[in-house]
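Open the model in your viewer and keep the selection tool ready. We will go stop by stop.

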Amino acid sequence: METSNGRDLAAAVAGGYAFRSLAPAERDALVAAATAVRFADGEVILREDEEGLELLLVTAGRVRISVLGADGDLDLAELGAGAIVGEVSVLMENRRTSTVTAVGEVEAISFVADVVREIAAKNKAFKEILLKLVEGRALHTISVVPPAR
């Protein structure tokens with residue numbers, strides 16, 4: 001992972017669907033807790049079962065989401081710019097439920113989990129957007145992962 005300070009974090013947050021409900025002071029707090037990061041092709045960005053210390057907004061490139069199954073890694077999805085990843089562990093305050101890997105070079109914005117949770121606790125609309133994302137990902141995973149035998 002390589003960090004970069006050249007990206008306009010405020011503009012990326014302002015343009016992100018999930019952040020539209022934030023008041024200017026909340027956006028400022030989120031940006032203050034953000035870092036622009038880059039990942040090389042094949043680099044693991046978030047690893048299943050690790051502690052969820054950050055939420056990421058993908059700003060360029062694609063990421064693969066996978067889980068460890070009985071027969072090895074099972075691909076769940078491939079997401080591109082505008083996708084948020086890491087929301088499940090950040091919002092639910094549990095360990096990572098999947099692995100996120102860079103497909104080609106990836107640029108993203110990393111947000112500190114505690115700040116995301118603090119803002120979500122105060123802003124019901126923001127929390128609802130994140131919860132809908134969590135719910136959608138859970139339903140998708142259920143539809144993709146074969147039942148245990």
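A crossing is left-handed if the near helix is turned anticlockwise from the far one by less than a right angle, and right-handed if clockwise. Helices (H or I, at least four residues) and strands (E, at least two) are DSSP runs, numbered from the N terminus. The model is predicted: local features need pLDDT of at least 70, side-chain atom pairs count only at pLDDT 80 or more, and totals for chains, interfaces and linings use all residues. Residues are numbered from 1 along each chain as its sequence is written, and side-chain values use heavy atoms, with hydrogens and water left out.

**Stop 1: α2 and α4**

Select residues 24-32, helix α2, and residues 113-122, helix α4. α2 passes α4 in a left-handed crossing. Their axes lie 9 Å apart, at an angle of about 165°. Axes are lines fitted to C-alpha atoms, for helices over the stretch in contact, and angles run from 0 to 180 degrees between N-to-C directions. The two helices are therefore roughly antiparallel (angles under 35 degrees count as roughly parallel, over 145 as roughly antiparallel, 65 to 115 as roughly perpendicular and the rest as oblique).

Now show side chains. Glu26, Ala29 and Leu30 of α2 make the contact with Val115, Val116 and Ile119 of α4 (contact means heavy atoms within 4.5 Å). By class, that contact has five nonpolar, no polar and one charged residues. Here Ala, Val, Leu, Ile, Met, Phe, Trp, Tyr, Cys and Pro count as nonpolar, Asp, Glu, Lys and Arg as charged, and the others, Gly among them, as polar.

**Stop 2: α4 and α5**

How far apart are the axes of α4 and α5? They are 5 Å apart, and the packing angle is about 115°. This crossing is left-handed too. Val116, Ile119, Ala120 and Lys122 in α4 meet Lys124, Phe126, Lys127 and Leu130 in α5. The contact divides into five nonpolar, no polar and three charged residues.

**Stop 3: the largest pocket**

Select Glu87, Val88, Thr97, Ser98 and Arg137, the closest to the pocket's centre of its 20 lining residues. The largest pocket holds about 330 Å³ of space. On a 1 Å grid over the protein atoms alone, a pocket is an open set of points where a 1.4 Å probe fits, with protein on both sides within 12 Å along at least five of seven lines; lining residues have an atom within 4 Å of a point. Grid points are joined across faces, edges and corners, and a volume is the space filled by probe spheres set on the points. α5 gives the most to the lining, with five residues. By class, the lining has 11 nonpolar, six polar and three charged residues.

**Stop 4**

Pick Glu54 in strand β4. Beyond neighbours within four places in sequence, Glu54 contacts several residues, including Leu46, Arg96 and Phe111.

Finish on Asp49, in the loop between β3 and β4. Asp49 is not a glycine, yet its phi is positive, about 80°. Glu93 sits in the loop between α3 and β7. Phi of Glu93 is also positive, near 55°.
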